[in-house]
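Welcome, and thanks for taking a look at this one with us. Please have the sequence and the 3D view open side by side as you read.

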Amino acid sequence: KARGWDRDTLEAAARRVYAEQRGGAEPPELTLVEVLDRPGTDEDQAVFICGDERLTLGRRDGEWVHESLT
């Protein structure tokens, strides 16, 4: 299994991105609901539910980064 898809790696990235977007706040909950494993890593996405918000992570140069939080 690719290191980038490791559950701990994904959840750590989601917590970091959520905190960056919400002024350091911890997500109220974190549920992985969708992974999109497309050809090439830069097209990959992971979608989490954080309370009543939806956090989408994308990948850039092998790192999980913020795409949207709605």
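Below is a short briefing on charged residues and a few of their neighbours.

This is a predicted model.

**Salt bridges**

- In helix α1, which spans residues 7-21, E11 and R7 sit four residues apart, or about one turn of the helix. The two form a salt bridge whose closest N and O atoms are 2.7 Å apart. R7 is partly exposed, at 41% relative accessibility.
- R54 pairs with E34 in a salt bridge, with 3.5 Å between the closest N and O atoms. R54 belongs to strand β3 and E34 to strand β1, so this pair ties together parts that lie 20 residues apart in sequence. Both partners are partly exposed: R54 has a relative accessible area of 37%, and E34 comes in at 33%.
- E67 and R60 form another salt bridge, where the closest N and O atoms are 3.2 Å apart. E67 is partly exposed, with a relative accessible area of 31%, and R60 is also partly exposed, at 38%.

- D42 is partly exposed, with a relative accessible area of 37%. D61, at 72%, counts as exposed.
- Patch members must have over 30% relative accessible area and no salt bridge, so the 37% of D42 and the 72% of D61 both pass the area cut-off.
- D61 also deserves a look at its backbone: its phi is positive, about 55°, although the residue is not a glycine.

- Is R59 buried or exposed? R59 is buried, with a relative accessibility of 7%, and its place is in strand β3, residues 53-60.
- The side chain of R59 makes a polar contact of 3.1 Å with the side chain of D44.
- V33 lies in strand β1 and is partly exposed, with a relative accessible area of 42%.
- Along the chain, V33 and A46 are 13 residues apart, and 7.9 Å separates their C-alpha atoms.

Terms used: Residues numbered from 1 in each chain as written. Predicted model: local features only at pLDDT ≥ 70, side-chain atom pairs only at ≥ 80, totals over all residues. Heavy atoms only, no water. Buried < 20%, exposed > 50% of the residue type's maximum accessible area, 1.4 Å probe, protein only. Helix = DSSP H or I, 4+ residues; strand = E, 2+ residues; numbered from the N terminus. Polar contact = N/O pair within 3.5 Å; in protein donor to acceptor, adjacent residues only side chain to side chain. Salt bridge = Lys/Arg side-chain N within 4 Å of Asp/Glu carboxyl O.
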